[in-house]
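Please examine the sequence and the three-dimensional structure shown below. The paragraphs after them lead from the overall fold to individual side chains.

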Amino acid sequence: MQCAFGVFFLPDVDAAAARLAGLLRPGGTFAVTTRRQGSADDVVGPLVQALTERAGRTPDRPEVARRAAQADTDGKLSGWLSGLGVLGVDVRPVERDVPLTPDSAWKFAMGSGIR
């Protein structure tokens, strides 16, 4: 089973992820993709700054961002999955370098929890 950047949009992340992992056949794989701590700062930082200037206050941090922060390092991700009862947790960082353009930044903002 694979969930790419989506599990943290669920209202009760822990219960939903545990349920999904529990649906696996014996020997099945539960894969979760998440962003490393600070990896989206090039997009989020300028967006928050623009919103702050426009609104005159810092916008509230989206709930999905708070949930995702539970697993934004290798150790936190491993601990979270182990705590859900997932056995044999193996965190494998995969480096991705996506060029930041106005179009890709907008697509990221509109398709993420900062929307």
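The description that follows begins with the whole chain and then turns to particular residues.

The coordinates are those of a predicted model. The protein contains five helices and two strands, and these elements follow one another along the sequence in the pattern β-α-β-α-α-α-α. Along the principal axes, the C-alpha atoms fill a box of roughly 50 × 30 × 20 Å. Of the contacts with a separation of 6 or more, 66% are accounted for by residues 24 or more positions apart.

The surface may be considered next. The protein exposes about 8100 Å², of which carbon and sulfur atoms supply 54%. Among the 115 residues, 19% count as buried. The charged side chains comprise 14 positive and 13 negative ones, and the centres of these two sets lie 6 Å apart.

Is R67 buried or exposed? With a relative accessible area of 15%, R67 is buried, because this value falls under the 20% limit. The side chain of R67 reaches the backbone oxygen of L10 at 2.9 Å. Leaving aside residues up to four places away in sequence, R67 touches F8, F9, L10, P11 and V13.

Side chains of opposite charge can pair when their charged atoms come close. In this model the count comes to five salt bridges. One of them joins the side chains of R36 and D74, with an N to O distance of 3.4 Å. R36 lies in the loop between β2 (31-33) and α2 (41-55), whereas D74 belongs to helix α4 (residues 74-83), so the pair ties together parts that are 38 residues apart in sequence. Both partners are partly exposed: R36 has a relative accessibility of 38%, and D74 has a relative accessible area of 33%.

A further salt bridge links the side chains of K76 and D72, at 2.7 Å from N to O. Here K76 is partly exposed at 34% relative accessibility, while D72 is buried, with a relative accessible area of 11%.

D90 and R92 also form a salt bridge, their closest N and O atoms being 2.6 Å apart. D90 is partly exposed, with a relative accessible area of 49%, and R92 is exposed, with a value of 66%. Elsewhere, salt bridges that share partners join R36, D74 and E95 into one network.

How values were computed. Residues numbered from 1 in each chain as written. Predicted model: local features only at pLDDT ≥ 70, side-chain atom pairs only at ≥ 80, totals over all residues. Heavy atoms only, no water. Helix = DSSP H or I, 4+ residues; strand = E, 2+ residues; numbered from the N terminus. Buried < 20%, exposed > 50% of the residue type's maximum accessible area, 1.4 Å probe, protein only. Contact = heavy atoms within 4.5 Å. Areas by Shrake-Rupley, 256 points an atom, 1.4 Å probe, with all protein chains shown as cover. Lys, Arg positive; Asp, Glu negative; His and termini not counted. Charge placed at Lys NZ, Arg CZ, Asp CG, Glu CD. Polar contact = N/O pair within 3.5 Å; in protein donor to acceptor, adjacent residues only side chain to side chain. Salt bridge = Lys/Arg side-chain N within 4 Å of Asp/Glu carboxyl O.
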